[in-house]
Amino acid sequence: MSPADFAKIQQQENSYRKHEEHEPEDLRQAAEQLDHTCPEEMAEIGDKIANATPEEIASMRTRVDTQMTYELNTAQMLKNQMGELAADKHVKYIISIEKKKDSFESMVMEHLRMNGAYWGLTTLDLLGKLDAVDKEEVISWLMQCQHESGGFAGNIGHDPHILYTLSAVQVLALFDKLDVLDIDKVSNYISGLQNEDGSFSGDIWGEVDTRFSYIAICCLSILHRLDKMDVDKAVNYIISCKNLDGGFGCTPGGESHAGQIFCCVAALAITGALHHVDKDLLGWWLCERQVKSGGLNGRPEKLPDVCYSWWVLSSLIMIDRVHWISKEKLVKYILDCQDLENGGISDRPDDAVDIFHTYFGVAGLSLLEYPGLKAIDPSYALPDDVVNRIFFGK
Ligand SMILES: [Zn+2]
C-alpha cells in the first residue's frame with residue numbers, strides 16, 4: 001500500500017469520526033453514500049487485501065470496524081428518531097371512547113357522533129382491528145339517525161346534514177353494508193342540496209361551502225349515483241373558488257386553506273377534472289406548509305397540526321407532488337403527538353388527544369406508507385380495499 005493510499009484511508013477514517021458530531025440529515029446522507037459502493041471499488045479492495053502486508057491488513061480491519069460501528073450507530077439513531085406507532089394503545093383508546101358515553105368528550109361529541117364513528121372505525125380498519133366492534137350494534141344505531149328526507153343526523157334525534165350523511169355512508173361502506181340503504185332516497189337528499197350555480201348547501205338552512213361540494217360528489221360516487229347531480233356545474237363552481245396562489249377557498253374569493261384544498265382537489269379527482277389544477281403552483285403552496293418540526297400547518301404563519309397531515313398530504317399525493325416534502329420528518333412529528341400511555345393522538349406534541357386527530361394521524365401515517373397499516377385512498381378517505389370493493393366488486 002502506497003503512503004498516498006494510506007493517507008487516503010486515514011482521511012476517510014477521520015471523516016467517519018467527524019460524522020459523530022453531525023446533524024441527523026448529514027448522517028442520513030453519509031449512510032446512503034456507504035450504501036452505494038460500486039462493484040469496481042469492491043474489486044479494488046479485494047486486490048489490495050491480496051497484496052497487503054499484515055500491518056496493512058490490521059489497519060484495514062480498524063477502518064472496517066470504525067465504519068461498522070458508525071453504520072450501526074446511525075441505524076440505531078434513526079430507529080430511535082422514528083419512534084414507533086403505539087397501535088394497540090390506539091385501538092384500546094378508540095374502543096374506550098365508545099364505552100364512556102357519559103364522559104366530557106362524549107358529551108361534546110354527542111351531536112356529531114356520526115363523524116366520531118367514521119373517524120374511530122376507519123382508524124380501527126387501517127389498524128386491521130375493525131372486528132373489535134359489534135358491527136350490528138353500530139349499524140342499528142346508525143340507521144336510527146336517518147331522517148325521512150334520506151339525510152343522516154349526527155346522532156339520534158338531531159337534524160340531518162350532508163356532513164353526517166357522508167360519514168354514515170362511509171361507515172356502511174367500511175362494513176360492506178351499503179345494501180341496508182335505500183340508495184335512491186339518500187342520493188335524492190344529496191342531489192336536492194345542489195344550488196343553481198352548481199354549489200352545494202350543507203342542509204336546508206342553505207350555508208354554501210366547497211366542503212359540501214366534495215361531500216356530495218364523494219357520497220354520490222360511492223353510491224354510484226353521480227348522474228343524479230349536475231357534475232359539470234359542480235366542477236365549474238369549484239373552479240370558481242380557485243385562487244391566484246393555486247389553492248382553493250370555501251366560496252369564490254375565499255382565502256386558500258389546506259382543508260378546503262383537499263375538498264376541491266379530491267372532488268376534481270373523483271370527477272376526472274384534475275386538469276383544472278395548476279399542480280406545480282399548488283404543490284409549492286402545499287409543501288411550504290411543512291414547518292421546522294416536520295409538522296404541517298393549514299395556512300401560512302399558523303402552528304402545525306396533525307390533522308393537516310391528512311389534508312396537505314392527500315392533496316400532494318393526488319397532484320403527484322408528495323416528494324416535495326420530507327416524509328421522514330412528518331412521520332416523526334405525528335409519532336411525537338401520540339399519548340404513549342393511554343393511546344390516542346393529539347394536534348401537537350403534549351396536547352390532549354382526541355378521536356379526530358387520532359384518525360388524521362393514523363390516516364396520515366397510512367399515506368406515508370408506515371409499516372403495518374392498511375393503505376388509504378387519498379380522495380375517498382376510505383381504505384383502498386374498501387374503495388376497490390365499491391368500484392371493482394373485489
Ligand atoms: Zn387539527
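Guide: Setting aside neighbours within four places in sequence, C218 is in contact with L166, A266, I270 and Y380. This is a predicted model. C218 is also among the residues with the most contacts inside the largest nonpolar core, a set of 98 residues.

Apart from neighbours within four places in sequence, V169 is in contact with V186, C219, I222 and L223. For I222, the separation from V169 is 53 residues in sequence, while the C-alpha to C-alpha distance is 8.0 Å. V169 counts as buried because 26 C-beta neighbours lie inside 10 Å, and the cut-off for that class is 20 or more.

For the chain as a whole, buried residues account for 39% of the 394 residues. The secondary structure consists of 18 helices and zero strands. Of the contacts between residues at least 6 apart in sequence, 66% join residues at least 24 apart.

Helix α7, residues 113-126, can be checked for both burial and length. In α7, 14 of the 14 residues are buried, so the helix is largely enclosed by the rest of the structure. At 1.5 Å a residue, its 14 residues should span 20 Å, and the end C-alpha atoms are 20 Å apart, which agrees; the expected span takes one less than the number of residues. After α7 comes G128, with a positive phi near 75°.

One helix pair remains. Two packed helices are described by the angle between their axes and the distance between the axes. For helix α5, residues 87-99, and helix α17, residues 355-367, the axes come within 11 Å and cross at roughly 145°. The crossing of α5 past α17 is left-handed. On the α5 side the contact is made by H90, Y93, I94 and I97, and on the α17 side by I355, T358 and V362. Sorted by class, this contact has five nonpolar residues, two polar residues and no charged ones.

Conventions: Residues numbered from 1 in each chain as written. Predicted model: local features only at pLDDT ≥ 70, side-chain atom pairs only at ≥ 80, totals over all residues. Buried ≥ 20, exposed ≤ 12 C-beta atoms within 10 Å, placed from the backbone. Contact = placed C-beta atoms within 7 Å. Axes fitted to C-alpha atoms, helices over the stretch in contact; angles between N-to-C directions. Helix = DSSP H or I, 4+ residues; strand = E, 2+ residues; numbered from the N terminus. Left-handed = near helix turned anticlockwise from the far one by under 90°. Nonpolar A, V, L, I, M, F, W, Y, C, P; charged D, E, K, R; others polar. Core = buried A, V, L, I, M, F, W, Y, C linked by C-beta atoms within 7 Å.
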